Amino acid sequence: MVTRRTVLMSGAAFGLLTVAGCAPQGSKANSTAPKVSATSIDVAKAGSVTLAMLDFWSGDAAKWVANAVKAYETKYPNVTIKRTSVDWGQLTQTANLRLKGKNPPDIITVNNGWQSLGTLAKAGLVLNLDPYTKLFKWDRFPSTILRQTQFSPDGKTMGAGSLFATPVSSSSLIGLYYNKSVLDKAGAAVPTDLASFEDACAKAKAAGLVPIGYSSQDKGSSTAILLALHDLFGDQGKINDFVYSTGSVKASDIGMSEAAARLKSYQDKGWLTKNHPGILYADAIDAFLKGKSAFRFEYTGTFAFKGTQKQDYGYLQLPQAAGGRVVGTGASTAVAIGAKCAHPEIAASFLDFLAGAQTAQFVVDNGLLPLLHDVKAPADNPEFASEIAGQRQLDKDNGYVPYFDWSTPSMLDTLGGQVQLLLAGRSTPDDLVKAVQADYDKFQSGR
Amino acid sequence: MTLQATHPTVPAGAVAPTRRRSRRARRRRWLGLLYLSPALLLYAAIVLAPLAQTMNYSLYKWDGVSEPSWVGLRNYLSFGRDARMLEAFGHVLVLIVMFGLVPLCLGLLCASLLSRAKIRGEGIYRWFLFLPQVLTAVVVAIIWKRIYAPDGPLNTILRSIGLDGMTRNWLGDFDWALPSLGMIGVWGGFGFTMVLFLAGVLAIPDEHYEAARLDGASRWQEFRYITLPGLRGQMAIALTLTITGALRTFDMVYITTQGGPGTATTTPALLLYQLAFVNPDVGVASATGVVLAFLCLGIAVGITRVMESKD
C-alpha cells in the first residue's frame, strides 16, 4: 500500500536530493590561447595523426569536402581525417554536448552567432585560433569575413577580438533567382535593379503568371525574401553594427521597415505565390524549378539546376535602392578546432587548406560559390556564371553583411513569425520592427 | 518450524504467532522489494535520476555550457510574466478538448452503437479506426500536412462539392491552424478510445442489460445507467492518456507548423525544446519540463480520484 506518509517521505527525499545535488557542470573559458612555439609547422614530420571531423556537409557540398580531404591526405600521407556528417539542426543543437563528451571531434563546423560559436568560445570548448593567425597569415582574409568568427574570449563581444573559427573557400549568399523563359512569356527583360525587378513583376502579373515564388509555412525559410529586400534599403555599416551589437543602432534604423513595407506591397499587389502560407519550403523549391514563377529570393547552393535549366535560370545580386552599391547577405561556413584536440597545429593546417585555392577549385567544380579566391568557373553553365558575377559585384563593393539571425539566438524564429503576421494582415511593418527591437533588447539585457 | 527450532525458549502462547506473522510479513515485504529491484533500479536510472537532475537544473540560469548561476525559483516565477508561455498553455487547453474530450465522446458513441448491433465487417471498421494509433506521430503529421495543403485532398473535396468558400490554408491560417492540429488529435485518439470502450462494454455482464430491458429501460437509460458507469475505469485511462498527451504535444507541431503561423500553435513542449536546444536557456527549459511533469501527474491523480470516488 502506498500511504500518504510514504508519498510525502519519498517526495521530501527527492526534494532534498534535488537541492543537495551539485550545480550543473559548466566550464570556463581558457583565457589563454594555446602556445605555439614553432614559427612554422611541418605537418609531414608530425608522425601518424588521425583527426576526427564533425560536419553537416551533404549533397554537392559533401563532394568538395571529400575532394579536399583526399587532396590533403595525399599531400600529407601521415594524416588521416575521419569525417562524420550529421544534419545541420542536429549539429548546431548538440555541438556543445559533443565537444564536452568523451570523444570530442577535433575539427567541427559551427554556426556563427551568439548561441553557437559565441557560447562555445565562452565555455572554452573551441580553441582560440589567434596563435595560428600569424602562422598561416589568416589576416589576408577580408576583415568583413574574419569578423564573422571573432569573439572576445569572455563571449561578450561578437565581431571583434580573437578568432575562434576560420572560413572555408565556399560561401552562400541570399539573392534573386530568375527564370528567363517565364520572363520571356511576360515580355519582361532580366532586371538590373529594384525598379526594373518590380516592373518585371508587374508585367508577369499582367500576363497571368506568378511573379515571385514564395512559401511561408516554414518559419525559418519565409524570411529569405525579407532579408534580401532589407539589404537593398539598410545601410551596410548600420546592419553590421546591429548584428554585431556594437554601438546603439536601432532596428528602425537599418532598412527593416522599408523592406517589410515593400514585402507587404508585393503581397497586396498579388505578386507572391497564392496560398503561400500553406506551401511547404520543399514544394516551393520544386515549383520554382518547374517554372511556376518568374523570380524567387533564395540562398545560393539551394537549387540543383540540371540540363537545360542551366540555360534558363540566372542569379542577381540587386544593387541598393539608393546609391546603387551592392550590399548582400553572405557568409562562409565557420570551422573550429575542439579544445581537446591533441594536434591543434595539424588541425589548423587543415583549416588553412579548407580555405585555400585548391579547395576553392573543388567548390566551384561542384557548382557552389567560392570565397576568397578567384577561380575559373565551368564554361558551359550560364546560370552558375551569373551567380559568380553576382558575387564578384559584392566582392567589388565589399558589400557583405552577416546573416541577420546571428543578432540574437531567437531572431530567426521571431522574424519568421512576424513575416507570417505581416503577410496575413495581422500586423504592420512598424509592428515587425518593434518585435525585432524587443527581441534584441531582451537578449541584450541578459547578455 | 524453523523459527521454533532457532528460538526454543519462546513459549507457545499468544505473543509468538503475531510476532512470527509480522516478522514473516516484514520479510515478505523485503523479498517483494528484492523482486522489484531490477525494475526499480532501471526506473530510478532512466526516470528518477534525470527528473532530479532536471529539477536541479531548473534552479539555475545556465546556457548549457558555461558556468551556471543559482537563481532559486526565479525561473518558475518568470512563467507568469512570459506572454509566450502563457499563450502556449492557452493553446494546450484547446488541444486538451480536442485530443481528450472529443475522442472520449465519439468513442462512447461508437462503442455503444457497435456493441449493440451486429454490423457486417465490424472488425474491419474497428481496424480502420484504430489504425492511427499504430502510426508514429511523425508519419501522422506528414500525412496531414499533405491533406491540409492548399491543393491537398481536403480542399479538393471541398471544391468538388461546391464549398470553394471554405477552402483555406488550414495550417497556415491564423484562426484555423490550431483547430486543424486538434482535428489530427481527434482522428488519432478516436480509434483508441473506441477500441478501449468496446472492450469495456463487452466486459459488462449481459444480465444487466437484460434486466434493464425487462424493466422497460430506454436505450438512453441503458447507456446512462449501465454502459457509462461500467466504463468508468476505461474512461479514466483514456482521459489520462489523451490529456497528458495533449499537454506534451511536440512532434506534431514541430513537424507541421513549428508553432506558426506567428505563434498561433506554440505549445509548452515546443517552447521547452527551443529553450533547451535552439537558444539554450537550460534553467527555464528545465523549469518548463518540471511544471509539465507535475501537471501531468496532477491530472492523472485527479482523474483517478474522481473516477474512484464514484465507486
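The report below covers a pocket, a cavity, the cores and a set of strands.

This is a predicted model: local features need pLDDT of at least 70, side-chain atom pairs count only at pLDDT 80 or more, and totals for chains, interfaces and linings use all residues. Residues are numbered from 1 along each chain as written, chains are lettered from A and ligands numbered from 1 in written order, and side-chain values use heavy atoms, without hydrogens and water.

**Spaces**

On a 1 Å grid over the protein atoms alone, a cavity is a set of points where a 1.4 Å probe fits but cannot get out. A pocket is an open set with protein on both sides within 12 Å along at least five of seven lines. Lining residues have an atom within 4 Å of a point. Grid points join across faces, edges and corners, and a volume is the space filled by probe spheres set on the points. The count comes to four cavities of 30 Å³ or more.

| Space | Volume | Lining |
|---|---|---|
| Second largest pocket | about 600 Å³ | 23 residues |
| Largest cavity | about 80 Å³ | 13 residues |

Among the residues nearest the centre of the second largest pocket are Phe99(B), Gln133(B) and Gly188(B). Helix α8(B) gives the largest share of this lining, six residues. Helices here are DSSP runs of H or I with at least four residues, strands are runs of E with at least two, and both are numbered from the N terminus.

The largest cavity has Ile174(A), Ala228(A), Leu232(A), Gln317(A) and Leu318(A) nearest its centre. Helix α9(A) gives the most to its lining, with four residues.

**Cores**

A nonpolar core is a set of buried Ala, Val, Leu, Ile, Met, Phe, Trp, Tyr and Cys residues joined through side-chain atoms within 4.5 Å. Buried means under 20% relative accessible area, exposed over 50%, and partly exposed in between (1.4 Å probe, protein chains only). The largest core has 76 residues, and Phe197(A) and Phe404(A) have the most contacts inside it. Helix α9(A) gives the most to this core, with seven residues. A second, separate core of 48 residues includes Trp144(B) and Phe197(B).

Beyond its neighbours within four places in sequence, Phe197(A) is in contact (heavy atoms within 4.5 Å) with residues including Leu176(A), Ile212(A), Phe295(A) and Phe297(A).

**Strands**

Seven of the seven residues of β8(A) are buried, so this strand is largely enclosed by the rest of the structure. Two strands pair if DSSP finds at least two bridges between them. Five bridges join β8(A) to β6(A), antiparallel. Here Leu176(A) stands opposite Phe297(A). Strand β7(A) pairs with β8(A) in the parallel sense over two bridges. Ile212(A) has Phe295(A) as its bridge partner.
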